[in-house]
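Here are some exercises to work through with the model open beside you. Try each task before reading its solution.

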Amino acid sequence: MGEPPIYLQAILHTIESTTISIWEEFRLLKDKDVEYAYGKLKEFFQKKAQGKSIEEPLSSIERRQILMDEILNMLEAREEMEADSHFINNPDIAPNGIPIASLPALYVMGFNRLIKSVRFWRKEFGEQGYLGYVSKFV
């Protein structure tokens, strides 16, 4: 897939590190669970980027819910540290010629990339292909 742009690298690392931590605790976690969680979080942040009020995503499957909750917690911690605020409305960082308007919009970009990665590695190496691949790097 190639190296992600600099403005996504730390966020992707945070999300993937959190995912691997959850996988170490819940070995039944599969790439399909991760894809579900990433998809629900992407939808959540898309709506937030549009200014809509929305409840945090839910799942009746415990490992999916824990994964989503932990990712949200880690992203919230990054926001409190203002770790990514310098990427927002920065004319020097303008994918497709448009500056990134908000943190939720930045998160959507990250989840888009992650969902593609999950699908690719699952097809290459099976139901835990993504998890196995990512665990080598975080």
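With a relative accessibility of 31%, Ala 77 counts as partly exposed, a class that lies between buried (under 20% relative accessible area) and exposed (over 50%), using a 1.4 Å probe and protein chains only. Ala 77 belongs to helix H3; helices here are DSSP runs of H or I with at least four residues, numbered from the N terminus. From C-alpha to C-alpha, Ala 77 and Glu 43 are 20 Å apart in space, and 34 residues apart in sequence.

Two notes before going on. The model is predicted, so local features need pLDDT of at least 70 and side-chain atom pairs count only at pLDDT 80 or more, while totals for chains, interfaces and linings use all residues. Residues are numbered from 1 along each chain as its sequence is written, and side-chain values use heavy atoms, leaving out hydrogens and water.

## Exercise 1: the span of H4

Task: compare the reach of helix H4 (residues 103-125) with its expected span.

Solution. Start with the rule: the expected span is 1.5 Å times one less than the number of residues. For the 23 residues of H4, 33 Å is expected. The model gives 32 Å from the first C-alpha to the last, close to that value.

## Exercise 2: H2 against H3

Task: describe how helix H2 (residues 31-49) and H3 cross.

Solution. Begin with the axes, which are lines fitted to C-alpha atoms over the stretch in contact, with angles from 0 to 180 degrees between N-to-C directions. Those of H2 and H3 come within 9 Å and cross at roughly 45°. H2 is therefore oblique to H3; the other classes are roughly parallel (under 35 degrees), roughly perpendicular (65 to 115) and roughly antiparallel (over 145). Next, the hand: the crossing of H2 and H3 is right-handed, meaning that the near helix is turned clockwise from the far one by less than a right angle.

Now list the contacts, defined as heavy atoms within 4.5 Å. The H2 side includes Tyr 36, Leu 41, Phe 44 and Phe 45, and the H3 side includes Arg 63, Leu 67, Met 68 and Leu 72. Sorted by type, the residues of this contact are 12 nonpolar, no polar and 5 charged. Here Ala, Val, Leu, Ile, Met, Phe, Trp, Tyr, Cys and Pro are nonpolar, Asp, Glu, Lys and Arg are charged, and the others, Gly among them, are polar.

## Exercise 3: H3 against H4

Solution. Ile 71, Leu 75 and Glu 79 of H3 make the contact with Leu 103, Tyr 107 and Phe 111 of H4. These divide into 5 nonpolar, no polar and 1 charged.

Methods. Helix = DSSP H or I, 4+ residues; strand = E, 2+ residues; numbered from the N terminus.
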